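Dear colleague,

Please find below the structure that I am handing over to you. My notes on what was found in it follow.

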Amino acid sequence: MTDPFLDSIPEDPQRTRRPERSNETAQENEIELGALWQGVRRQLPWIALVTALTSGAAFLWSRAQPDVFEASSSLVTTGNSSNIGAINSVVTAAPLPEGALQEAMRGPVVLGEIITRVKKESALPAELRTALAEDLQQELRRRDVTTVSLQNQLDFNGNGIYTVSARAGTPEAATFLADLTAQSLLNWDRGRALSGVQRAERSLRAQLTEVDRQLAEGRQSDLERQTLIASRATLQRSLAQTGIQAEGVSGSLELVAPAVVPLDRVAPKPTRNAVLVGLLTLLLGTGIAALRTVTDRTARTEDDLLGFGLPTLGMIPRLRRREVVFNGIVRAARLAGLYEAIGFLRVNILSRIGNKPGQRVMISSTAPGEGKSSLTATLADGLAASGQRVLIIDADMRRGTQQEVWDKYETQHEWVQLTGQDGARTLAEALKDPQNVQVMQAEPGVHVLPAGPGMHDSLSLLNRAPLGEYLTHWGQGYDLILIDSPPLLALADGLVIGRHVDYVLLVVEEGRTSLQAIRQSLRRARNANVNVLGFIMNKVNPSGQDGKTYGYSYGYAPRESKG
């Protein structure tokens, strides 16, 4: 089945223009620095709050960590190399290749000696000894030693300084651990040279044993025996010299400066950590805000709507939910100081539509929840305050809200006869019996025709009724008729109603209504020959507006009927 309304819509030749679409796309992709700064500025309160919270958390967490002290000891290597042999009185280990000492410190020989000495050190408290030994043991198994560390400053020949650093919970423990690590490295380095002397000693002893065995056999000639005796004497002298060398063997490392007890802790540093975390959070938050601004395709400012070629007739600030809950939307708008914003909107609308009585203005939006119903009520209140009689028709028959808006404002309402006698009190009933309609007097100068219970066949009801004639008949005696319609993208009802009104106002919620949704709504309205007068930007953040507030004191008093 085809919808007669949709069949009657003329085709818009503008839809086939490719350059216009490409221009719109180009405008979407343009990002100005001013818009980028505005987007970041809107998020600055949240960024500052998160930065303060993370900095405070980092500060408190750092203060709760145990103190860490660091001490360091220095070793020097000269790269001096002497051949291990029996001709030298002092044997020195060969110079270490690059990285060898670091590997030795992470190995079980050096680190095992450190762990053993730590467990036996009576000068340290028992709990501290146990904790240090366990940490070192775990680091040994993981091959990731952080309690003790080694840095070097070596030249191309391998000469330079090794710095041994150690961290512990007390200054004394850090000093002891640094000296212990340095001494363990010296012992390991000296052990390299001593192992060479010991190998030479074992070789000499084996040779001497063999000579003694040959002499004990006694089957050699005199010359051979004399030769063996001479060899035996030489081996004995070399063995004695090797024993002397074992006493004077030395490694390639020497201790330069032992560790000194530190005065200040190296960790934690609460202030530094808090500043670093705060800066990181600030940069990250600013980056996220900038990225969201770049990718944001919602209407944020009046400038975002300029590309549609329609004026923005009003900028309505956001009301606090608490004020709306306790006072109702109409009274909350008065108490919150929206008098100026509604006044600007009223003046802009009347200056464009003129003072012709009975004009019909439909207020719609792109999607539900953008505040069209609340705005309709507050605008009617502002028009009534200027002495005009306003009729509100809630045409959102799927889920009307005007009844709820005005019931929150006042519990008891008087019903006024609009046409005929008694009869319909909702729009759904009025469309079936247009000659007998009653309207609710919301306040002096404002009458409301509620939508009634929700219904699913509202479109068929609107299509069957001569809506234009009904509106003309009902609007007699009113300066303005405000029609609260369904959202244009949600239901086709708004397009049907829009063909029978004089003007349409499109409500845009700041930061929620997408530019694509606005473009699609205007395209549908243009295809249906609906006259869109302009935009009303709703729920605007007051801090983001450039205008200054002109403050004065005024009181609220209910308007009385003029009889």
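Glu 509 is buried, because its relative accessible area is 7%, where buried means under 20%, exposed over 50% and partly exposed in between, with a 1.4 Å probe and protein chains only. Please keep in mind that this is a predicted model, in which local features need pLDDT of at least 70 and side-chain atom pairs count only at pLDDT 80 or more, while totals for chains, interfaces and linings use all residues. Residues are numbered from 1 along each chain as its sequence is written, and side-chain values use heavy atoms, with hydrogens and water left out.

Glu 509 meets Lys 539 in a salt bridge, at 3.8 Å from N to O; the term stands for a side-chain nitrogen of Lys or Arg within 4 Å of a carboxyl oxygen of Asp or Glu. Since Lys 539 lies in strand 13 (residues 532-540) and Glu 509 in strand 12 (residues 503-509), this pair ties together parts that are 30 residues apart in sequence; helices (H or I, at least four residues) and strands (E, at least two) are DSSP runs, numbered from the N terminus. Lys 539 counts as partly exposed, at 22% relative accessibility, and shared partners join Arg 318, Glu 509, Arg 512 and Lys 539 into one network of salt bridges.

In the whole structure, a search finds 13 salt bridges. One of them links Asp 67 with Arg 265, whose closest N and O atoms are 2.7 Å apart. Asp 67 lies in the loop between helix 3 and strand 1 (69-77), and Arg 265 in the loop between strand 4 (253-257) and helix 9, so the pair ties together parts that are 198 residues apart in sequence.

Finally, the 26 residues of helix 9 (residues 270-295) should span 38 Å at 1.5 Å a residue, and its end C-alpha atoms are 37 Å apart, which agrees; the expected span is 1.5 Å times one less than the number of residues. Buried residues in helix 9 include Gly 278, Thr 281 and Gly 285.

With kind regards
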